[in-house]
Amino acid sequence: MESGERELYSVGEVAELLGLHVRTVRNYVRDGRLKAVRIGKQYRISRADFEALTGPPEPETGESAAADVPRGRHLEVSSIVQIDSVGPDAASRLSTFVTASAQSGRGRSGPGQAHSLRIQTVYDQERARMKIVILGGAAETADLLNLVDSVLGPGNDLLPTEGWETGRA
């Protein structure tokens, strides 16, 4: 059976079709970005709901579809930034800074491109490691990554690497 004829997809099949990790697709389902029905212990995604996430399939034509870029195409980037050797206070400051920057609306979204960045930060005090997960438009994500890079660059003392270890239990 061709994938275009299928009525229900498993999470694994959707992940394979989209080139994503299965966990990412499950998170899409949990976040409500992808509608799914739970059958037993597994989720099933209807073709209509899959197409609602990805857009309807392009009609096949004899000419190259690559030359004509369809209007309304959606582009989203997901990035994970890992920062090692960071103390809890610095991680908190960086989390606040990144979240506020993402919400400030300083992105490059033009008319009809109301991309908003979604940010999640996680701090592992035992490993002194912080992760920042960024989801959003390519330009806005790039802007935020450049901002994080400049904040973490040499000469900036937002993230002091010495002295915080003594405060750990």
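User: Before we start, what should I know about the model and its numbering?

Analyst: The model is predicted, so local features need pLDDT of at least 70 and side-chain atom pairs count only at pLDDT 80 or more, while totals for chains, interfaces and linings use all residues. Residues are numbered from 1 along each chain as its sequence is written, and side-chain values use heavy atoms, with hydrogens and water left out.

User: How many helices and strands does the protein chain have, and what pattern do they follow?

Analyst: Start with the rule: helices (H or I, at least four residues) and strands (E, at least two) are DSSP runs, numbered from the N terminus. Here that gives five helices and six strands. Along the sequence, the pattern reads β-α-α-β-β-α-β-α-β-β-α.

User: What share of the protein chain counts as buried?

Analyst: Buried means under 20% relative accessible area, exposed over 50%, and partly exposed in between (1.4 Å probe, protein chains only). By that rule, 25% of the 169 residues are buried. As for total surface, the chain exposes about 11800 Å², and carbon and sulfur atoms supply 49% of it. Those areas come from the Shrake-Rupley method with a 1.4 Å probe; for residues, only the protein chains shown count as cover.

User: Which residues of the largest nonpolar core touch the most other members?

Analyst: A nonpolar core is a set of buried Ala, Val, Leu, Ile, Met, Phe, Trp, Tyr and Cys residues joined through side-chain atoms within 4.5 Å. The largest one has 15 residues, and Ile83, Leu94, Met130 and Ile132 touch the most other members. Strand 4 (77–84), helix 4 (88–103), strand 6 (129–136) and helix 5 each supply at least two of its residues. Helix 4 gives the largest share, five residues. There's also a second, separate core of ten residues, with Val14, Ala15, Ile45 and Phe50 among them.

User: What does Met130 contact beyond its sequence neighbours?

Analyst: Contact means heavy atoms within 4.5 Å. Setting aside neighbours within four places in sequence, Met130 has partners including Val81, Ile83, Val86, Leu94 and Tyr123. For the chain as a whole, take the contacts between residues at least 6 apart in sequence: 64% of them join residues at least 24 apart.

User: Is Thr141 buried or exposed?

Analyst: Thr141 is buried, because its relative accessibility is 1%. Look for it in helix 5 (residues 138–152). Not counting residues up to four places away in sequence, Thr141 touches Val77, Ser79, Leu117, Ile134 and Gly136. A polar atom of its side chain also lies 2.7 Å from the backbone oxygen of Gly137.

User: How many salt bridges does a search of the whole structure find?

Analyst: The general idea is that side chains of opposite charge can pair when their charged atoms come close. The cut-off used is a side-chain nitrogen of Lys or Arg within 4 Å of a carboxyl oxygen of Asp or Glu. The search finds five. In one of them, Arg47 meets Glu7 at 2.8 Å, N to O. Arg47 sits in helix 3 (residues 47–54) and Glu7 in the segment before strand 1, so the pair ties together parts 40 residues apart in sequence.

User: Where do Arg33 and Glu76 lie?

Analyst: Arg33 is in the loop between helix 2 (22–31) and strand 2 (37–39), and Glu76 is in the loop between helix 3 and strand 4, so their pairing ties together parts 43 residues apart in sequence. Their closest N and O atoms are 2.4 Å apart. Arg33 is partly exposed at 28% relative accessible area, and Glu76 is partly exposed at 25%. Then there's Arg129 with Asp84, whose closest N and O atoms are 2.9 Å apart. That pair links strand 6 and strand 4, 45 residues apart. Finally, salt bridges that share partners join Arg33, Glu76 and Arg118 into one network.

User: Which residues other than glycine have a positive phi?

Analyst: Ser85 is one of them, with phi near 55°, and Ala128 is another, at about 55°. Ser85 lies in the loop between strand 4 and helix 4 and is partly exposed at 46% relative accessibility. Ala128 lies in the loop between strand 5 (118–124) and strand 6, and is buried, with a relative accessible area of 6%.

How values were computed: A polar contact is a pair of N or O atoms within 3.5 Å; within protein, one must be able to donate a hydrogen and the other to accept it, and residues adjacent in sequence count only if both atoms are side-chain atoms.
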